[in-house]
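Thank you all for coming.

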Amino acid sequence: MPCPYHNNNKRDLEEGIHSDFSTDMSYADYLCLEQVLNAQKPLTNEHDEMLFITIHQASELWIKLAGYEISSAINSLNNGDFGQAFKVIARVKQIFVQLTQSWGVLSTLTPVDYLKFRDALGRSSGFQSYGYRKLEFLLGNKNIDMLKVHKSNEQAYQELSQICAEPSLYDHAIKALATAGFNIDQQCLERDFNQPYKANESVLEAWLGVYHHSEEYFELYELAEKLMDIEDAFQNWRFKHMYTVQRIIGNKQGTGGSSGVGFLKKALDISFFPELLELRTRL
């Protein structure tokens, strides 16, 4: 008697499946996979260096997408298109969830195995990530001193300088409050956007008004909660980054010259949207 599962372990190539790409664009062509998959170039023969490179390169792609989507959200808010802004902000949250999960893969790198190739990194460090700096500037964590790290890359330096000088996602949210009729201090709307944002009582009062009358100001209420989704997801990413670094190198100095874990811990105290956290206490 023939085995009933005999033919279940083979899937024949269907006649309609295209197999000749001598003149047509293939999947690899469209995604430029030759360049992408040949961009991993370990400097040592240590097995785990490939893991280290792959995690960070993949993270940079996700960070690039997050920056792209936040820029889109800013344009949508500027045009009063809340629906599109909500859509892409929700996507950014999921990108941060994805990035946070990647630290779990990197945490399989043991301290001993990392030390085998750490010296090959020289002074390179994630602190120098152009994509990460762009992301923080877009979200509102402005620090013009951070631009010094990017001076050797003229294109990156110019773009980051421009983003630093422009209103962030939160600045546009505050502008939306003013447009809706809330009394926002003019100094918040016409400030030097190169400078870090400082919590303002008029902004807090406006958000409290939104939350107390959420049905009347539902779009602003939804915007605030979407922003908190980003804050939550981003902070989880920051924390997992810090803890993974601590697990692998302890309190050693970072390769880029920072204090390492101590420097990363300071970032956990920085909020992109301070009034949205404070209003929880005041409600």
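Predicted model: local features only at pLDDT ≥ 70, side-chain atom pairs only at ≥ 80, totals over all residues.

I would like to start with one side chain, Phe234, which at 0% relative accessibility counts as buried, where buried means under 20% relative accessible area, exposed means over 50%, and partly exposed is in between, with a 1.4 Å probe and protein chains only. Residues are numbered from 1 along each chain as its sequence is written, and side-chain values use heavy atoms, with hydrogens and water left out.

The protein has 13 helices and zero strands, helices being DSSP runs of H or I with at least four residues and strands being runs of E with at least two, numbered from the N terminus. Its C-alpha atoms fill a box of roughly 80 × 50 × 40 Å along the principal axes, and of its 283 residues, 39% are buried. If we take contacts between residues at least 6 apart in sequence, 72% of them join residues at least 24 apart, a contact being heavy atoms within 4.5 Å.

Let me turn to the aromatic rings. Rings of Phe, Tyr and Trp, the last by its six-membered ring, pair if their centres lie within 6.5 Å, and planes under 30 degrees apart count as stacked, over 60 as edge-to-face and the rest as tilted. By this rule there are 18 aromatic pairs. One of them joins Phe234 to Phe272, edge-to-face, with 4.9 Å from centre to centre and 85 degrees between the planes. Because Phe234 lies in helix α11 and Phe272 in the loop between α12 (261-267) and α13, this pair ties together parts that are 38 residues apart in sequence.

How are the rings of Phe239 and Tyr243 arranged? Their centres are 6.0 Å apart and their planes are at 20 degrees, so this pair is stacked. The two residues are four apart in helix α11, and therefore separated by about one helical turn. Phe239 is partly exposed at 42% relative accessibility, and Tyr243 is partly exposed at 45%.

Phe234 and Phe272 also belong to one aromatic cluster, together with Phe96, Tyr132, Tyr170, Tyr197, Trp237 and Phe273.

Next, the packing of helices. The axes of α11 (residues 218-249) and α13 (residues 274-282) come within 10 Å and cross at roughly 110 degrees; axes here are lines fitted to C-alpha atoms over the stretch in contact, with angles from 0 to 180 degrees between N-to-C directions. That makes the two helices roughly perpendicular, the word used for 65 to 115 degrees, whereas under 35 counts as roughly parallel, over 145 as roughly antiparallel and the rest as oblique. On the α11 side the contact is made by Ala224, Glu225, Leu227, Met228 and Glu231, and on the α13 side by Leu276, Leu277 and Arg280.

Finally, a detail of the backbone: Cys32, in the loop between α1 (27-30) and α2 (33-37), has a phi near 50 degrees, a positive value in a residue other than glycine. Cys32 is partly exposed, with a relative accessible area of 37%.
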